[in-house]
Amino acid sequence: MKWIVYTDLDGTLLDFQTYSYKVTEDTVKKLIERDVPVIFCSSKTRVEQEVYRKALQLDYPFIVENGSAIIIPRDFFGFELESLHFLEPYKLTTIGEEAHLALILGESYQYIRSIIVSARSETDAHVFGYADLTLAEIMSLTGLDKASALRASNRDFSETLLKGIDDSKKCKSLFHILDEQNLLCVSGGKFHTVMGKGGDKGKAVNILDQLLTLKYGELQTIGLGDSANDLPLLKEVDRPFLVQKPSGKWQEIEENSVTKVNAIGPEGWNLAIQSIFDI
């Protein structure tokens, strides 16, 4: 049986405020030593996740932009993906300088932006994403440095709304238009993400499980998250864990199968992994 770890990043593997992986780094390295794949499943973009993958020396597939796509290092599986019938509904293409394969479940960034701009004009809702803000504004709102803010704004399959989300009628009307155009708005730990309805962390995990089973055989999966947008991921795994938010509270959930870890973010991540592995 092959263990697989699926993990959210912000507020889970990474510190909620600083985006640092230092607390979890040693635990990740010990998992790698045991040949346990650590697979990112995050709202972060491909280029953002690549930074952490390289720093932690991970060469596994990863799930980007809230399940909008699965990015697969070329030749990782050692078999042709194009011939697999369960992948037929999805577009498979190459992406980035690394020429990874991208299995696209959601919609393109260009389509999403066009709908947001149109809906905003129609409803006069004052919501703003990365493309609407200056780099300085993005840095101020996110706490990211310049290079990180540039990576965050380099999106492929979703747009993050950083300003203007509220319960007003205008925003609700905007979300209704998004819904009619096959888009949905997902609440994350800090911001909201607009993405195609086909994108879903749980669906991406399910598809990747099927691929990993072909490579490894029987799997035992672990999932770790902290926010509402992680619940589809947690529902798909064998051993789901929910770490605390910086407030010391957990995301409200109705899933009784999820283990609530009594520690915040990365500290909770370590405790969850250590409850399964003797590391």
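Visitor: Let's start with the rings. Which residues do ring pairs link into a cluster?

Guide: Look for Tyr60, Phe76, Phe77 and Phe79, which ring pairs join into a cluster. Keep in mind that this is a predicted model.

Visitor: How many aromatic pairs does the count come to?

Guide: Rings pair if their centres lie within 6.5 Å. By this rule, there are five aromatic pairs.

Visitor: Take Trp3 and Phe277. Why is the pair called edge-to-face?

Guide: You check the angle between the planes: over 60 degrees counts as edge-to-face. The planes of Trp3 and Phe277 stand at 70°, with the ring centres 5.3 Å apart, so the pair is edge-to-face.

Visitor: Where in the chain do these two sit?

Guide: Trp3 is in strand β1 (residues 2–7), while Phe277 is in the segment after α9 (265–274). They are 274 residues apart, so this pair links distant parts of the chain.

Visitor: And Phe277, is it buried or exposed?

Guide: Under 20% relative accessible area means buried. Phe277 has 7%, so it is buried. Trp3 has 24% and is therefore partly exposed.

Visitor: What about Tyr21 and Tyr52, what kind of aromatic pair do they form?

Guide: Edge-to-face again, with 90° between the planes and 6.1 Å from centre to centre. This pair also links distant parts of the chain, 31 residues apart: Tyr21 lies in the loop between β1 and α1 (22–33), and Tyr52 in helix α2 (residues 46–55). Both Tyr21 and Tyr52 are buried.

Visitor: Now the cysteines. How many disulfides does a search of the whole structure find?

Guide: A disulfide needs two cysteine sulfur atoms within 2.5 Å. The search of the whole structure finds zero.

Visitor: Which residues are closest to the centre of the largest cavity?

Guide: Of its 24 lining residues, Asp10, Ser43, Lys44, Lys190 and Phe191 are the closest to the centre. By type, the lining holds six nonpolar, 10 polar and eight charged residues.

Visitor: How much space lies in the largest pocket?

Guide: A pocket is open, unlike a cavity. The largest one here has about 190 Å³ of space.

Visitor: And which residues lie nearest the centre of that pocket?

Guide: Tyr19, Tyr52, Leu144, Ser148 and Arg151, out of 13 lining residues.

Visitor: Where does the largest share of the pocket lining come from?

Guide: From α2, with three residues. Both α2 and α5 (146–153) supply at least two residues each. Sorted by type, the pocket lining has four nonpolar, five polar and four charged residues.

Key: Residues are numbered from 1 along each chain as its sequence is written. This is a predicted model: local features need pLDDT of at least 70, side-chain atom pairs count only at pLDDT 80 or more; totals for chains, interfaces and linings use all residues. Side-chain values use heavy atoms; hydrogens and water are left out. Rings of Phe, Tyr and Trp (its six-membered ring) pair if their centres lie within 6.5 Å; planes under 30 degrees apart count as stacked, over 60 as edge-to-face and the rest as tilted. Helices (H or I, at least four residues) and strands (E, at least two) are DSSP runs, numbered from the N terminus. Buried means under 20% relative accessible area, exposed over 50%, partly exposed in between (1.4 Å probe, protein chains only). On a 1 Å grid over the protein atoms alone, a cavity is a set of points where a 1.4 Å probe fits but cannot get out, and a pocket is an open set with protein on both sides within 12 Å along at least five of seven lines; lining residues have an atom within 4 Å of a point. Ala, Val, Leu, Ile, Met, Phe, Trp, Tyr, Cys and Pro count as nonpolar, Asp, Glu, Lys and Arg as charged, and the others, Gly among them, as polar. Grid points are joined across faces, edges and corners, and a volume is the space filled by probe spheres set on the points.
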